[in-house]
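Let us ask what stands behind the labels used for this structure.

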Amino acid sequence: MWSTPRLGPLTVGQALPGGRVTALGCAPGRARVEVALGDRAIVEFDLAAAPARPGPFAALPALSYRRSAASFAAVRAVGDALAAALAPAWPGVTAVAWPDVIDGLGDDVDATVRLADLLPAEALARRACVAPWTRLEYGARGQRGPCCADFQVAPADEVGAPLALWHGPAMRGFRRALASPDPGATCRATCPRLVGRTDTLAAMVARGGPAAFRANQIATIAAILDGAERPATTPLEVVFPATSFCNYDCLMCSHGATGTLADERPPAFYAALAAIAPGLGRLEALGGEPLASPVFRAVLGGDAFAAAPQVEFALTTNGSYLTPDELARYRRVRLGHVTVSLNAATAATYQAVNRGLAWARVRPNLDALLAAHRAARNPRAITYSMVILRANLHEIEAFAALAEADDVAVRYMLPMQDRNRQSILTDAATMDAAQAALAAVAARLRARGRAHEAARADGERAVLASRRARGLLRALPD
Ligand code: SF4
């Protein structure tokens with residue numbers, strides 16, 4: 001059931017005899033009305049198209065109320081008024097079109113609705129991946145597309161302003177492919193989002209915010225359903241590396257050795273993004289280490305996106321710059337998802353894999369981040385990430401346990417290339433060990449109700465299984 005500011009003749013805040021409407025909700029065939037009585041006691045009224053038994057309000061037997069401390073005498077006047085108001089409109093008031101539900105989220109940037117609750121199964125399954133309609137990603141080596149270049153068949157290196165790229169040949173090609181029965185023209189069969197079906201309409205969540213943002217989400221969903229190649233939309237999400245520089249030298253990543261601050265994104269880049277901010281939901285900064293960029297840190301500490309309160313900043317970071325003082329300095333931006341590349345469950349493996357600050361220096365930063373997100377009641381907006389290597393293979397399950405203990409999400413990735421001979425994909429035994437550990441992790445995640453994380457783990461496992469079945473013993477990408 002989703003919240004709505006209006007239900008037939010009722011609106012939130014409306015006065016009734018003996019009370020005032022404080023919240024409204026509806027779903028197909030059902031509705032809920034929350035009323036504050038004169039003494040401020042809250043009473044919830046339910047409407048059901050097929051109630052188990054008739055309610056006590058003669059004008060509308062579909063209306064019942066949940067017992068509370070309030071007496072029936074106190075509830076009766078409100079219930080009779082609700083029944084009289086809703087009877088002429090019932091049950092038509094619950095037949096709300098999905099665009100109206102999203103628009104009805106209003107300005108509240110914390111209000112959400114899952115598309116899985118709005119669209120029929122056939123529509124939810126219509127695209128194997130929705131990234132070409134939702135995301136614009138700037139690759140580390142100049143590639144432009146909807147996702148990580150490692151998953152793309154032929155990453156393009158177009159240049160231009162964000163909207164020129166959004167409507168450019170590369171993004172149109174992805175949309176064409178994903179609107180067809182076979183996305184193989186643009187998408188590798190090893191893409192875990194494709195294999196795991198993790199980026200579909202069923203996984204999308206619409207959010208409240210300013211009217212332009214709600215309208216862009218509605219237009220985006222319509223474009224996905226239509227398979228539109230040239231949608232009249234702007235990106236909901238932009239992903240970019242703030243710099244290739246990194247202060248760590250992780251075994252599997254070349255940024256520590258070859259990255260440079262010389263390619264740091266300049267202020268003009270963020271000004272161009274601010275221009276599309278009205279329709280934007282999320283900016284995700286990658287690296288290198290994004291927080292190594294002074295320009296990016298200034299953006300986080302400034303107010304360039306103050307007029308777009310719905311824009312969340314997401315980070316993939318090693319966490320070393322995210323000290324409690326820096327975290328406090330970023331209080332004016334909406335810090336959304338933070339993915340921390342830990343790659344290890346113990347201090348010794350952390351040092352061996354990441355080759356940067358000691359675990360004892362990073363753990364206080366994690367604790368400050370956890371405290372900040374818990375204060376915002378959003379601990380699951382933190383993800384601990386592990387690239388599975390030979391050096392940390394034995395800690396796959398312990399890593400999930402660490403995330404569980406901290407009540408954050410967990411993510412695994414397969415390594416690209418065979419840097420420092422760390423790829424597990426060149427050896428049957430390491431692939432089998434990773435598959436077994438990922439299966440255990442996915443089962444545990446499912447048992448805990450973390451289906452999306454489990455699906456992502458299964459996506460990586462399916463890539464391993466497919467390569468084993470085909471006898472492929474070589475590093476990714478193909
Ligand atoms: S299926 Fe994979 S490669 Fe294709 S657009 Fe989606 S994320 Fe990118």
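The questions below set each label against its definition.

This is a predicted model, in which local features need pLDDT of at least 70, side-chain atom pairs count only at pLDDT 80 or more, and totals for chains, interfaces and linings use all residues. Residues are numbered from 1 along each chain as its sequence is written.

Q: Why are Val-33, Leu-63 and Ile-388 said to belong to a nonpolar core?
A: A nonpolar core is a set of buried Ala, Val, Leu, Ile, Met, Phe, Trp, Tyr and Cys residues joined through C-beta atoms within 7 Å. Buried means 20 or more other C-beta atoms within 10 Å of a residue's own, with C-beta atoms placed from the backbone. Val-33, Leu-63 and Ile-388 touch the most other members among the 128 residues of the largest such core. Helix H16 (residues 428–447) gives the most to this core, 7 residues; helices are DSSP runs of H or I, at least four residues, and strands are runs of E, at least two, numbered from the N terminus.

Q: What makes Phe-45 a contact of Leu-63?
A: Contact requires C-beta atoms, placed from the backbone, within 7 Å. Leu-63 touches Phe-45 and others, including Leu-47, Phe-57 and Leu-82; residues up to four places away in sequence are not counted.

Q: How do you know that strand S10 (residues 135–138) pairs with strand S13 (residues 237–241)?
A: Pairing needs at least two bridges found by DSSP. S10 and S13 have 3 and run parallel, so they pair. Arg-135 has Glu-237 in S13 as its bridge partner.

Q: Why is strand S18 (409–413) called an edge strand?
A: S18 pairs on one side only, as does strand S11 (144–145). The open sheet has 8 strands, with mixed pairing.

Terms used. A residue is buried if 20 or more other C-beta atoms lie within 10 Å of its own, exposed if 12 or fewer, and partly exposed in between; C-beta atoms are placed from the backbone. Two residues are in contact if their C-beta atoms, placed from the backbone, lie within 7 Å.
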